[in-house]
Amino acid sequence: MTSSKPVDPHGDGPHASEAVANSAEHRWAIIVGLIILSLIAMMVFTGVYWSSMPPSRVETIDVKTLHLKGEFVENNLGTSIEKDGRVIVRLIAQQYSFSPQCIVVPAGISVTFRGTSTDAIHGFVVGRTNANTMLIPGFVSTFTTSFPKTGEQLMPCHEYCGTGHEAMWAKVQVIPPDEFFAKAKAAERLSCVSR
Ligand SMILES: [Cu+2]
C-alpha cells in the first residue's frame with residue numbers, strides 16, 4: 001500500500017497555502033476598509049465645509065426692495081446690450097408669471113440670464129436647450145448660454161410653486177443677430193411683449 005497524500009512541491013503541506021490566502025485576504029480587507037473610510041471622510045469634510053459657508057459666486061438680493069431699486073426694477077427687465085458688448089437678459093418670476101412674458105435673444109451669440117424670484121421658488125427651462133435654472137427669492141441666478149437656431153421656444157416654470165404653477169410660462173424668441181442688433185439700437189431694453 002502506498003500513501004494517498006498529495007505531493008507538496010514546497011514540502012510544507014496544505015496549511016502554508018491557506019496562510020498565504022488568509023494574509024492576502026486580510027491585506028485586501030484593510031485596503032478596502034481604508035478606501036471606504038477615506039470616502040466617508042471626504043463626504044463628512046465636504047458636507048461640513050459647504051454647510052459652514054456660502055458657496056462661491058452666490059449673489060444675494062433684498063426681496064423687499066427688488067421692485068423699487070437696483071437692476072430688477074420693472075423698466076430694467078428684458079434683454080439689453082451692456083457697455084462691454086455682452087447680451088444680458090434680466091427677468092423676475094412671481095406667482096404665477098415671468099416678467100417679461102416674452103424674451104428676445106439673438107441666435108448664435110452667448111446670452112447671460114440674470115433672474116430672481118419675488119415670492120416662492122420658481123425655475124425655468126427654455127424649450128429643448130440647456131437653459132435651465134431655479135429662481136430663488138433672495139438670490140440672483142446667473143447662467144450663460146447661446147441659442148443656435150432661430151424660432152420661438154416655450155419657457156415653462158419647472159418648480160412647483162403653487163396652484164397656478166401649470167399656467168406659469170413665458171416665451172423666448174430667438175431672432176437673427178442682425179435683426180436683434182437693429183432692434184437694440186432703437187430701444188435700451190428689448191422684449192417681445194405686445195403692448
Ligand atoms: Cu411654478
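Let me begin with a definition: a residue is called buried if 20 or more other C-beta atoms lie within 10 Å of its own, exposed if 12 or fewer do, and partly exposed in between, with the C-beta atoms placed from the backbone. By that rule W169, which has 16 other C-beta atoms within 10 Å, is partly exposed.

Before I go on, two remarks about the model. It is a predicted one, in which local features need pLDDT of at least 70 and side-chain atom pairs count only at pLDDT 80 or more, while totals for chains, interfaces and linings use all residues. Residues are numbered from 1 along each chain as its sequence is written.

Now to the overall layout. The protein has two helices and 11 strands, where helices (H or I, at least four residues) and strands (E, at least two) are DSSP runs numbered from the N terminus. Along the sequence the pattern reads α-β-β-β-β-β-β-β-β-β-β-β-α. The radius of gyration, taken over C-alpha atoms, is 30 Å, well over the 16 Å that the globule rule (2.2 Å times the number of residues to the power 0.38) gives for 195 residues, so the protein is more spread out than a compact globule. Its C-alpha trace spans about 110 × 40 × 35 Å along the principal axes, and buried residues make up 19% of the 195 residues.

An automatic or database domain assignment divides the protein into domain 1 (14-53) and domain 2 (74-186), and the centres of these domains, taken over C-alpha atoms, are separated by 48 Å.

Let us look at helix α1, residues 14-52. The expected span of a helix is 1.5 Å times one less than its number of residues, and because α1 has 39 residues it should span 57 Å, which agrees with the 57 Å between its end C-alpha atoms. The helix is hardly covered, since the count of buried residues among its 39 residues is zero.

Leaving out residues up to four places away in sequence, V89 touches T79, I103, V105, V111 and F113, a contact here being two C-beta atoms, placed from the backbone, within 7 Å.

Back to W169, which lies in strand β11 (residues 169-175). Apart from neighbours within four places in sequence, W169 is in contact with L154, M155, P156 and C157. W169 and Y96 are 73 residues apart in sequence, yet 8.2 Å apart in space, C-alpha to C-alpha.

Y96 itself lies in the loop between β3 and β4 (97-99), and a cis peptide bond with omega of about 0° joins Q95 and Y96. Another cis peptide bond, with omega of about -5°, joins S99 and P100, and P100 is placed in the loop between β4 and β5.
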